[in-house]
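Open the model in your viewer with the sequence panel beside it, and follow the stops below in order. Each stop says what to select and then what is to be found there.

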Amino acid sequence: MRAIRRFTVRTLLPAELRDLDELAHNLRWSWHAPSREIFAGIDPDLWAEVHGDPVALLGALGPERLGVLAADGAFVERVRVAVTDLHHYLQDDLWYQRRASSGVGTADALPSAIAYFSPEFGITSVLPQYSGGLGILAGDHLKSASDLGVPIVGVGLLYGAGYFKQSLTRDGWQVETYPLLDPDGLPLTLLRDDDGTPARVSLDLPGGRVLHAHVWAAAVGRVPLLLLDTDVPGNDEAARKVTDRLYGGGGEHRLQQELLLGVGGVRALRLWSRVTGAPVPEVYHMNEGHAGFLGVERIRELVTQGLTFDEALEAVRAATVFTTHTPVPAGIDRFGRDLIGQYFGGDMAVDGLPVDRILAMGAEDYDGGDPTVFNMAVMGLRLGGRANGVSLLHGQVSRGMFEGLWPGFDAREVPITSVTNGVHSPTWVDPAFAALAAERLGLDELTADDASSGWLRTGREGAGDGPAVSDGELWAIRREMRGRLVDEARRRVHRSWRERGASPAETGWIDDILSPDVLTIGFARRVPTYKRLTLMLRDPDRLKALLLHPERPVQLVVAGKSHPADDQGKRLIQQLVRFTDDPEVRHRIVFLPNYDIAMAQALYPGCDVWLNNPLRPLEASGTSGMKSALNGGLNLSILDGWWDEWFDGENGWAIPTADGVEDPDRRDDLEAAALYDLVEQEVAPRFYGRDADGAPGRWLEMVRHTLATLGPKVQATRMVGEYVTRLYAPAAVAGRALAGDGLEPARELAHWKRSVRDGWDRVRVDHVDSSGVGEVPQVGDLLTVRAYVSLGELQPGDVEVQVVHGHVTEEDVIDAYTTRPLALAETFEAGRYAFAGEVALEASGPFGYTVRIVPRHAGLPSPAELGLVANA
Ligand SMILES: *Cc1c(COP(=O)(O)O)cnc(C)c1O
């Protein structure tokens, strides 16, 4: 029988235990072991049964049990201490408050609040609102912002089913199920109006329909995360399903999700500020293009206050940060222009927000672009005055990829910078390992910069300069972590074979798979083609030989989900699973179904080596290898993403890439062979090379070096700090500068840009003279440059005339250049001027220079901003 209505009855906690509710509803427990221990201690079996979910645990305790706990003075006291600690965490002045205090009230003040929009957030397995790296990164961003006291508000969607659960058929085919989540059973609080009714945001849809959403708030430490949910009364059947699942359908369903995220998200923020009194964000961060419509909504807000579209765009752009996450075209959202037209044109059009202006923002109007599509990343770049990729290499790749948006400028001048990703160590470091580091080195993520070097103290034990952690201890805890993974893998393989239909009589062998003493290599990630799940199978005999080596065996733990619509990915999984099913090797290689945060937390600490073999340069950053490194794992990876930047020869191994070999099969052959060689000749011998104390000293040297030098870099606190200082703070300053004085500066900037665009076709370099360098130019000579230019209607102050100089190639291309502004030297009639200056010849070798004119205005974040340049 189907229920016509459902709700979850909440447990009423006795007064003595009310604080438990606060502990359970602030997700800080997910990275704070002492809080988790309180819940686990109530009933360890029940805690395991509810998969470590405090809200579920409290819900499952009967009144009798609660009565006993309430009468247990020692327990009540522990809870009180824990909640007091939480209150300190929530209220103390942290890194951000200490930095902010110097600038309060000034034009340079740090932003009072920052909104962070993302289609997914991976915070804990209890709130499965993520599919992979993008979501995990967003979760780590919020947690680290909380640890630093950065006033961020997260904005996302609450998916009724979250991401799917993966299981396997008997013959290794991926099967997806979508367990429904009940928001009342999650650590969320419904946002309510003053009168107690659920607050809601609404959006108009074509055909006179309206989409309503409730707003749920999760507390991520001190960071609120607002999640919009359309499964609410008042919505028609189709509208209810908008947030049914993460990346559910394609096309229109996806568009509606993104409209809800962007437009609905801004409205939810306004509600949040009204209801809670929280400050209105000064900076908006789009985590990938999916959230791009937030800019359209903010333009709409300003247009209704009387600004033109262009004026509003300036105000919005200045305060918006856009992060691109992928160089893989399939990872970028594109919609048909017609579809966008249906949502912003015709009856749906808003005064002052012409549909052609919206379409123009997502238009691929550059060489190689598709004129029929609306590209969300392109819109993100046009709406974000500041943009970044997620590793140095990815920044460079992105500048090349989006070069067409800044015509006339070389890729290196494209205004897309990079902030290399990081990970939230309290979430990802094994608690026992973290406790050891805290006790011996005083190490946590906030002290990582100073304390990490403690790992390098390897002096003699017992001596005054003795090691903080001896080789023997380090090796013992690494073995313990590996052993726990082995146990966990056996449990999971048992469960998987039950689901695959095996009877207990057939699965006795699983008790003996893997070993806590064998070199363990991990590989877990989503399964898009470019990540090459099956590269390791390229030469099955060689892989077998590595697994079954008589003295130096290797064991492999593999996991990963394929996108439900990606049959090719599912075939790769099947191929791998079939290999792991082979009785000859099944004790040395396992595939664990349903990769998620919970599995990841067991996997990283237990692996000695973390393998990553993407097709360079398609892995924008990658973060799993960072999590491994923080647990003392060594990376074995293609030089892509973050590893390209931080591999130093001693913190792991670089698999040589055959980047440039055109034939993909040959490229796979070459890279797989290099991988096998490395494992056989470098990795395994080091791991098994034991010293007199039984520990592999040379291996542990690499582990110590990794912990000491990579440890501080891979922290998400380092990453969030960079976002604050390099992007949020400048965006806040720029946004404030345009918003002051009734938005007059935004009007002025829009007006100026229009006049520069209109007048640019008359801007040119007429003639360049130079002097000061003789027949044989020498280092130290001063080159005097004088450029005669025409500016038409523009004034000298509207432009910068630059000499661009540097090394030239045989084709006369200046490949590594510097620019130097020339000064106005003379004014002629009819808009003609002379600009002059000097350049010192600093290096020997082929040298060249040219002169160019670019627009100049204090409100431009980069000279390339307008895509206008006049070259000599
Ligand atoms: C870290 C993590 C990822 C992302 O890993 P990549 O290295 O970026 O592929 C994906 N899923 C889970 C569960 C993770 O913990």
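Helices (H or I, at least four residues) and strands (E, at least two) are DSSP runs numbered from the N terminus, and angles run from 0 to 180 degrees between N-to-C directions, with axes fitted as lines to C-alpha atoms, for helices over the stretch in contact.

Before going further, note that this is a predicted model, in which local features need pLDDT of at least 70 and side-chain atom pairs count only at pLDDT 80 or more, while totals for chains, interfaces and linings use all residues. Residues are numbered from 1 along each chain as its sequence is written, and side-chain values use heavy atoms, with hydrogens and water left out.

Is Arg 500 buried or exposed? Its relative accessibility is 6%, so Arg 500 counts as buried, the limits being under 20% relative accessible area for buried, over 50% for exposed and partly exposed in between (1.4 Å probe, protein chains only). Leaving aside neighbours within four places in sequence, Arg 500 is in contact (heavy atoms within 4.5 Å) with Leu 168, Thr 169, Arg 170, Asp 171, Gly 172, Val 577 and Asp 581.

From there, move to Leu 188, in the loop between β6 (174–177) and β7 (189–190); with 1% relative accessibility, Leu 188 counts as buried.

For a pair of helices, select α10 (residues 251–276) and α11 (residues 293–304), which pack at an angle of about 45° with their axes 8 Å apart. That angle makes α10 oblique to α11, given that under 35 degrees counts as roughly parallel, over 145 as roughly antiparallel, 65 to 115 as roughly perpendicular and the rest as oblique. Residues making the contact include Leu 255, Leu 259 and Arg 267 of α10 and Phe 293, Glu 297 and Arg 300 of α11.

Finish at strand β25 (residues 799–808), which is mostly covered, nine of its ten residues being buried. Nine bridges join β25 to strand β29 (residues 847–855), the two running antiparallel, and Tyr 849 of β29 is the bridge partner of His 805. Strand β26 (residues 814–821) also runs antiparallel to β25, joined by seven bridges, with Val 808 facing Ile 814 of β26 as its bridge partner. Between β25 and β26, which form a hairpin, there are five residues, and Asp 812 in the turn has a positive phi of about 65°.

How values were computed
Two strands pair if DSSP finds at least two bridges between them.
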